[in-house]
Amino acid sequence: MPRTALRICPLCEATCGLTLTIEGTTVTGARGDRDDVFSRGFICPKGAAFGGLDADPDRLRTPLVRRDGRLREATWEEAFQAIADAVPALVRTYGPQSVGVVLGNPNVHTMAGQLYPPLLLKALGTRNLFTASTLDQMPKHVSSGLLFGDPFAIPVPDLDRTDFLLLLGANPVESNGSLCTAPDFPGRLKALRARGGTLVVVDPRRTRTAKLADRHLAPRPGSDALLLAALAHTLLAEELADPGVLAEHTQGIGELGEALVGFTPEAVAPACDLTAEEIRDLARDLAAAPTAAVYGRIGSCTVEYGTLASWLVDVLNVLTGNLDRPGGALFPLSATDRAPRPAGPGKGFGLGRWHSRVSGHPEAKAEFPLSALAEEIDTPGEGRIRALVSIAANPVLSAPDGRRLDAALAGLDFMVSVDPYLNETSRHAHVVLPPPPPSQSAHFDFSFNTFAIRNQVRYSPPAVPLEDGRMDECEIQARLVLAVSGMHGTDPVAVDDLAIGATLARECADPVSPLRGQDPARLAGLLSGGSGPERRLDLMLRLGPYGDRFAAPADLPGSAATGTGAGAPDGAAGPGPAPHPAAPTPPTPPTTPGAPGGLGLERLRAHPHGIDLGPLRPRLPGLLRTRSGRIELLPDPIAAELPRLRGTLAERPAALVLVGRRHLRSNNSWMHNVPALAGGSNRCTLQVHPDDAARLGLTDGRPARITADGGSLEVPVEVTDTLRTGVVSLPHGWGHDRPGTRLSVAAAAPGVNVNQLLDGSRLDPLSGTAVLNGFPVELTPIP
């Protein structure tokens with residue numbers, strides 16, 4: 001008989017609750033979980049295709065080890081022994097910097113990808129870390145670090161309570177949101193308008209999100225920072241700025257006006273290809289709204305001035321008094337965040353603490369640009385990367401100049417890939433360690449809950465028992481840590497025990513912790529969970545802002561089962577289950593961290609649909625970790641970059657530039673092998689405006705050659721008026737045409753790799769993020 005099981009969807013940032021239908025050990029269906037405290041039954045095509053991805057016949061089921069130049073099936077013991085033989089020996093001979101680590105986007109969708117890479121990096125002792133963040137969101141981390149002292153303190157728009165939402169470079173109707181975890185983002189945007197609010201979308205394409213908007217502005221791609229600077233200039237020049245209570249927690253407001261001199265609407269309008277009046281009206285409407293939130297995403301991040309644009313988003317939220325305010329942009333408080341601490345100065349955030357070997361790129365958040373990985377491998381000299389550990393990453397497709405990286409990977413002394421597929425990157429590995437399908441894995445959203453528009457907590461145990469011959473991904477990564485550190489053969493539980501012991505030792509020594517002076521070993525013995533990862537999760541929940549701090553067990557208010565509201569652990573009444581987006585939720589008193597009756601794994605497991613912890617609440621000044629203890633509105637690295645931005649006002653814009661686009665049924669390069677998500681609108685075509693097509697002699701459906709810094713591609717043309725003139729669009733994540741992969745569905749419709757148009761030289765200098773949008777291209781028809 002079929003049975004059902006609950007599962008949080010791991011396929012995008014919305015983290016919707018699913019109800020899986022299972023026959024035997026096979027997932028035969030997936031629908032939205034109507035009782036999920038956060039998603040309330042919403043599901044998108046990716047979630048509905050969960051079973052197809054889970055049972056993909058191309059997923060690897062056993063480890064692969066390279067022998068005589070070929071990858072062959074091997075036992076787990078043989079795979080880890082090969083790693084233990086190779087990596088420590090290379091480190092002894094060439095030093096820890098001879099090893100690089102690459103972390104891909106799917107890491108944030110798994111427990112293992114969040115718990116073990118920090119331990120891996122510590123074991124290796126390398127600074128050569130490269131992640132998908134420098135292809136996506138690093139500008140927001142850098143700007144938040146400079147403003148608030150913490151690169152993870154990223155405010156999100158209060159979608160369900162705001163009166164005015166300004167979106168830049170974001171298409172959440174198709175992406176489901178990014179750095180803003182919000183199930184049913186489209187429904188929430190419709191609810192905003194239904195309650196009389198205003199939605200303004202800034203995007204060079206008339207996306208599905210733009211079609212919902214009250215106002216759609218289509219500026220020239222890459223001009224986001226100029227537009228935002230002009231909005232801030234207008235607020236200051238017309239005395240519309242009103243930070244309100246933020247003023248006492250902010251420094252640099254007075255200096256900001258001088259720094260933005262020259263960014264008038266009239267000055268930036270030609271570069272943005274908007275009118276000065278459009279810019280001025282937008283600034284006035286933003287200031288006049290009862291509450292408002294400004295939100296920018298990948299289109300405003302992956303451009304030359306992505307960090308400035310990300311910074312200016314929050315400058316506008318501060319100047320209008322909407323930062324840290326219900327209905328504005330607030331800071332979530334995840335159940336596994338560190339418990340709030342007394343307000344005061346912190347260590348601050350710095351850039352460039354070390355630099356890459358070849359081009360001298362400064363680190364940002366302890367990472368180097370992924371665009372620099374190839375040169376760190378193929379450039380001879382001391383410190384060259386000779387071994388690579390790649391976890392859930394496919395940079396041959398996702399990073400600029402995949403051809404160079406492809407060749408560089410082939411020249412490595414040793415490579416380990418933790419990946420369920422033999423893809424364009426993992427095909428170069430000497431050892432491939434395949435994790436099981438998601439139905440056989442536990443799930444907790446460590447990252448996405450820190451960006452959620454409502455505080456809540458949910459956990460999914462495995463829906464299906466681990467198949468014979470498989471190894472849980474947490475165990476895979478724990479064993480990998482042991483293998484690279486010369487401890488192969490040690491029980492992998494030791495890795496989790498060491499992590500737990502170190503965390504509790506710090507906590508018990510912390511002068512402001514309620515656990516100060518207690519015995520870490522005794523506390524470790526109190527942890528719940530049937531595995532090392534569950535015990536670590538229990539620890540994080542107990543030490544978090546809603547945690548029980550090892551106090552006596554008590555029922556946590558606010559579960560779906562009791563319906564008593566999300567209340568504070570101190571017993572204050574809470575707001576109840578998450579409302580429909582059309583019904584704004586009033587603010588509630590803040591919780592009291594560490595009070596008895598708080599959260600732990602046992603309580604969480606007792607509520608399989610999750611526990612609602614209430615709406616986002618103001619958190620300033622407590623979360624500030626700048627050296628001044630205040631919001632530093634004009635940090636030195638930003639101020640130094642503004643003159644370079646001002647210089648672009650005199651530049652002549654390129655005649656034709658490229659932007660990417662997102663499909664609802666895709667997520668970067670890792671979902672093109674699922675038949676249910678292939679075809680239809682999910683195609684790799686070059687979208688061109690009819691006027692540009694006529695001027696260039698291009699025909700709908702016929703191929704064209706597109707050329708940029710990194711080379712040329714041939715791609716079919718799709719003529720459409722959904723984007724402005726002077727702009728073409730090609731989706732990201734395609735190019736599945738290399739030999740030696742095992743992606744049969746993707747290979748049948750490979751598309752082309754848009755990132756091959758780039759040579760890796762175009763970067764946002766503050767964050768090291770690749771410029772993937774707004775770069776110049778040339779188009780010619782192919783007879």
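Biologist: Hi! Let's start with helix H6 (residues 138-148): how many of its residues are buried?
Modeller: Eleven of its eleven residues are buried, so H6 is mostly covered. Buried means under 20% relative accessible area, exposed means over 50%, and partly exposed is in between, with a 1.4 Å probe and protein chains only. Helices (H or I, at least four residues) and strands (E, at least two) are DSSP runs, numbered from the N terminus. This is a predicted model, where local features need pLDDT of at least 70, side-chain atom pairs count only at pLDDT 80 or more, and totals for chains, interfaces and linings use all residues. Residues are numbered from 1 along each chain as its sequence is written, and side-chain values use heavy atoms, leaving out hydrogens and water.

Biologist: Thanks. What do the buried residues of H6 pack against?
Modeller: Helix H14 (298-301), H15, strand E20 (631-632), helix H24 (636-647), strand E26 (763-764) and strand E27 (769-770). Contact here means heavy atoms within 4.5 Å. The buried set includes Lys140 and His141 as well as Leu146, Leu147 and Phe148.

Biologist: And what comes just after H6?
Modeller: Gly149, with a positive phi of about 85°.

Biologist: You mentioned H15. At what angle do H10 and H15 pack?
Modeller: About 25°, with the axes of H10 and helix H15 (residues 306-319) 9 Å apart. That makes H10 roughly parallel to H15, because angles under 35 degrees count as roughly parallel, over 145 as roughly antiparallel, 65 to 115 as roughly perpendicular and the rest as oblique. The axes are lines fitted to C-alpha atoms, for helices over the stretch in contact, and angles run from 0 to 180 degrees between N-to-C directions.

Biologist: Which residues make the contact of H10 with H15, and what classes are they?
Modeller: H10 brings Asp224, Ala225, Leu228, Ala229, Leu231, Ala232, Leu235 and Leu236, while H15 brings Leu308, Ala309, Leu312, Val313, Val315, Leu316 and Leu319. By class, there are 14 nonpolar, no polar and one charged. Ala, Val, Leu, Ile, Met, Phe, Trp, Tyr, Cys and Pro count as nonpolar, Asp, Glu, Lys and Arg as charged, and the others, Gly among them, as polar.

Biologist: Is H10 largely enclosed or open?
Modeller: Largely enclosed by the rest of the structure, because twelve of its 14 residues are buried. The span of H10 (residues 224-237) also agrees with expectation: at 1.5 Å a residue it should be 20 Å, and the end C-alpha atoms are 20 Å apart. The expected span of a helix is 1.5 Å times one less than its number of residues.

Biologist: New topic: Leu119. Where does it sit, and what does it touch?
Modeller: Leu119 belongs to helix H5 (residues 117-124). Not counting residues up to four places away in sequence, Leu119 touches Val481, Val495, Ala499 and Arg536. Leu119 and Val495 are 376 residues apart along the chain, with 8.4 Å between their C-alpha atoms.

Biologist: Is Leu119 buried, partly exposed or exposed?
Modeller: Partly exposed, because its relative accessibility is 23%.

Biologist: How do H5 and H19 pack?
Modeller: At an angle of about 5°, with the axes of H5 and helix H19 (residues 473-484) 9 Å apart. The two are therefore roughly parallel to each other. Pro117, Leu119, Leu120, Ala123 and Leu124 of H5 meet Gln477, Leu480, Val481 and Val484 of H19. That contact divides into eight nonpolar, one polar and no charged residues.

Biologist: What covers the buried residues of H20?
Modeller: The cover includes H5, H19, helix H21 (520-524) and H22. Val495 and Ala499 are among the buried residues of H20. Helix H20 (residues 493-509) packs with helix H22 (residues 532-543) at about 15°, axes 9 Å apart, so H20 is roughly parallel to H22. The residues in that contact divide into six nonpolar, two polar and five charged.
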